Amino acid sequence: MNKTVWIVLAVVAVIAVSIFSGYNNLVGINENVNGKWSQIENQLQRRADLIPNLVNTVKGYAGHEQQAIQAVADARAKLGGAQGPVAKAQANSELSSALSRLLVISENYPNLKADKNFRALMDELAGTENRLAVARKDYNESVQGYNTSIRSLPTSIIAGPMGFGPKEYFKADEGAKQVPQVKF
């Protein structure tokens, strides 16, 4: 065999190894993004599981505040049926808003704030909110790495044809831009 054939074979081998390596790298990064998304869903589910207990505790003290309680139940159901980062983020925003209204109601019931079950639920909910914030941060960081990878050369050459498209970030709630007001 002449030298030209060996050079062509070497170039083809380098290209093949590059394609396989790039593909495997994208698969790994994509699975990392999926794993991070799963953590967000776990925390959203944990939050949704805590809410009925919180609602029932508030109902015991503030039964006539049915509209706020129903808004929380409706928002929780919407979150349960949402698919994908954008829909989940919107449903999460609605649930956060409904929970905020419910917690404002609790301010009008001093006995409720002193109730051991209510305090424990609020602590659990606060912990879940913190875990959710960390999970969203981790997810967005992994999406950033993935999106950077599929847009960088030489990976971008194989990303599109192999079905690797950009992932969506989990965006902050619209109300997150407003500073909360604390009143004593």
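Mentor: With helices: a helix is a DSSP run of H or I of at least four residues, a strand is a run of E of at least two, and both are numbered from the N terminus. By that rule Tyr 23 lies in helix 1. The model is predicted, so local features need pLDDT of at least 70 and side-chain atom pairs count only at pLDDT 80 or more, while totals for chains, interfaces and linings use all residues. Residues are numbered from 1 along each chain as its sequence is written, and side-chain values use heavy atoms, with hydrogens and water left out.

Trainee: How many helices and strands does the protein have?

Mentor: Six helices and zero strands. Along the sequence the pattern reads α-α-α-α-α-α.

Trainee: How many aromatic pairs are there, and what makes two rings a pair?

Mentor: Rings of Phe, Tyr and Trp (its six-membered ring) pair if their centres lie within 6.5 Å; planes under 30 degrees apart are stacked, over 60 edge-to-face, and the rest tilted. The count is three aromatic pairs.

Trainee: Why is the pair of Tyr 23 and Phe 164 called edge-to-face?

Mentor: The ring centres are 5.6 Å apart and the planes stand at 70°, so the pair is edge-to-face. The pair links distant parts of the chain, with Tyr 23 in helix 1 (residues 3–61) and Phe 164 in the segment after helix 6 (155–159), 141 residues apart.

Trainee: Is Phe 164 buried or exposed?

Mentor: Buried means under 20% relative accessible area, exposed over 50%, and partly exposed in between (1.4 Å probe, protein chains only). Phe 164 has 11% relative accessibility, so Phe 164 counts as buried. Tyr 23 has 32%, so Tyr 23 counts as partly exposed.

Trainee: Why is the pair of Trp 37 and Tyr 139 called tilted?

Mentor: Their ring centres are 5.3 Å apart and their planes are at 55°, so the pair is tilted. Trp 37 lies in helix 1 and Tyr 139 in helix 5 (residues 116–151), so the pair ties together parts 102 residues apart in sequence. Trp 37, at 12% relative accessibility, is buried. Tyr 139, with a relative accessible area of 3%, is buried too. Together with Phe 170, Trp 37 and Tyr 139 form one aromatic cluster.

Trainee: How do you know that the charge of Lys 167 sits over the ring of Tyr 146?

Mentor: The rule asks for NZ of Lys or CZ of Arg within 6 Å of the ring centre and within 35 degrees of the ring normal. The charged end of Lys 167 sits over the ring of Tyr 146, 5.6 Å from its centre.

Trainee: What makes a set of residues a nonpolar core?

Mentor: A nonpolar core is a set of buried Ala, Val, Leu, Ile, Met, Phe, Trp, Tyr and Cys residues joined through side-chain atoms within 4.5 Å. The largest one here has 35 residues, and those with the most contacts inside it are Ile 40, Leu 54, Val 72, Leu 95, Leu 99 and Tyr 139. Helix 1, helix 2 (66–81), helix 3 (84–107), helix 5 and helix 6 each supply at least two residues of this core. Helix 1 gives the largest share, 10 residues.

Trainee: Why is Leu 95 called buried?

Mentor: Its relative accessible area is 0%, so Leu 95 is buried. Leu 95 lies in helix 3.
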